[in-house]
Amino acid sequence: MAKKGETREVILDAAEKVFFQNGFEKTSVKMILEEAQIVTGSFYHFFPSKEALFEAVTERFLNAYAERIGGILGDESLSFRQIIRMIPEEMGRSAEIFYHVLQGDKLHWTVRNALHDRTLEAMVQPLAGALARLKAKGEISSRLDADDVTLARILIKGSEAVVHGEGSGSTEWFRSETLREKLAAFWECIIEVE
């Protein structure tokens, strides 16, 4: 018999697969139960609703992404220029997982939008912390009169425009030198490296 934590993970794994294939609206609890091969009572023991389960699936995906980005942004040995070179590489890894493992191009638009928006938001606090740390060390200064959270949001939203401005979301584009150069140029319009 599976332990409580294992059953919860089985439900999350099944829900992730079914949500990603069908989208939120076209997924039923019954479909998730069939994929997980569990009974209704087990589902409702862990999740009060389909909405709560969708939130947990999204949160799990985002936590893994935030952990990887947070590892880069929290590394005190990295300079600003190293960070802006490493972020696109991590974006490339995440895009590879998203498109090749999770089949992101086949995801229902509701799932894609939820993940996209929440992924960007997950980067705000770690980036704000990195900016504050680098400012305190005297390595960077802002060209804008804005707090670190606002600067982080500007950098993230602007980076999104740079990344998608070419109309490409391929893993090759995320890992390209051209993208790194464009992102660095954009970030250095906002942040001055001392």
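Basis. This is a predicted model, in which local features need pLDDT of at least 70 and side-chain atom pairs count only at pLDDT 80 or more, while totals for chains, interfaces and linings use all residues. Residues are numbered from 1 along each chain as its sequence is written, and side-chain values use heavy atoms, with hydrogens and water left out.

1. Aromatic pairs. The structure holds five of them. F46 and F47 make a tilted pair, because their ring centres are 6.5 Å apart and their planes stand at 50°. Rings of Phe, Tyr and Trp (its six-membered ring) pair if their centres lie within 6.5 Å; planes under 30 degrees apart are stacked, over 60 edge-to-face, and the rest tilted. F47 is buried, with a relative accessible area of 3%. Ring pairs also join F43, Y44, F46 and F47 into a cluster.

2. The F80–W187 pair. These two rings are tilted as well, at 5.9 Å centre to centre and 40° between the planes. F80 sits in helix α5 (residues 80–101) and W187 in helix α9 (residues 177–190), so the pair ties together parts 107 residues apart in sequence. Helices are DSSP runs (H or I, at least four residues), numbered from the N terminus. F80 is buried at 3% relative accessible area. W187 is buried at 4%.

3. The largest nonpolar core. It has 34 residues, and F80, I87, L127, L131, L155, W187 and I191 touch the most other members. α4 (50–73), α5, α6, α7 (148–165), α8 (171–174) and α9 each give two or more residues to this core. The most come from α6, which gives eight. A nonpolar core here is a set of buried Ala, Val, Leu, Ile, Met, Phe, Trp, Tyr and Cys residues joined through side-chain atoms within 4.5 Å. In soluble globular proteins, nonpolar side chains tend to be buried together.

4. Not counting residues up to four places away in sequence, L127 touches L73, A152, L155, I156 and W187. Contact means heavy atoms within 4.5 Å. Apart from the core in point 3 lies another, of 23 residues, with F47, F54, V57 and F61 among them.

5. Helix α6. This helix (residues 109–136) has 28 residues. From first C-alpha to last it reaches 41 Å, close to the 40 Å expected at 1.5 Å a residue. The expected span is 1.5 Å times one less than the number of residues. A kink of about 30° lies at V124, shortly before the proline P126. The bend is the angle between axes fitted to the seven residues ending at a residue and the seven starting there. After α6 comes G138, with a positive phi near 80°.

6. L33 is in helix α2 (residues 29–36). It counts as buried, at 11% relative accessibility. Beyond its neighbours within four places in sequence, L33 contacts I38, V39, T40 and F43. Its C-alpha is 7.9 Å from that of A14, 19 residues apart along the chain. Q37 lies in the loop between α2 and α3 (40–46). Q37 is not a glycine, yet its phi is positive, about 55°. Q37 is exposed, with a relative accessible area of 72%.

Terms used. Buried < 20%, exposed > 50% of the residue type's maximum accessible area, 1.4 Å probe, protein only.
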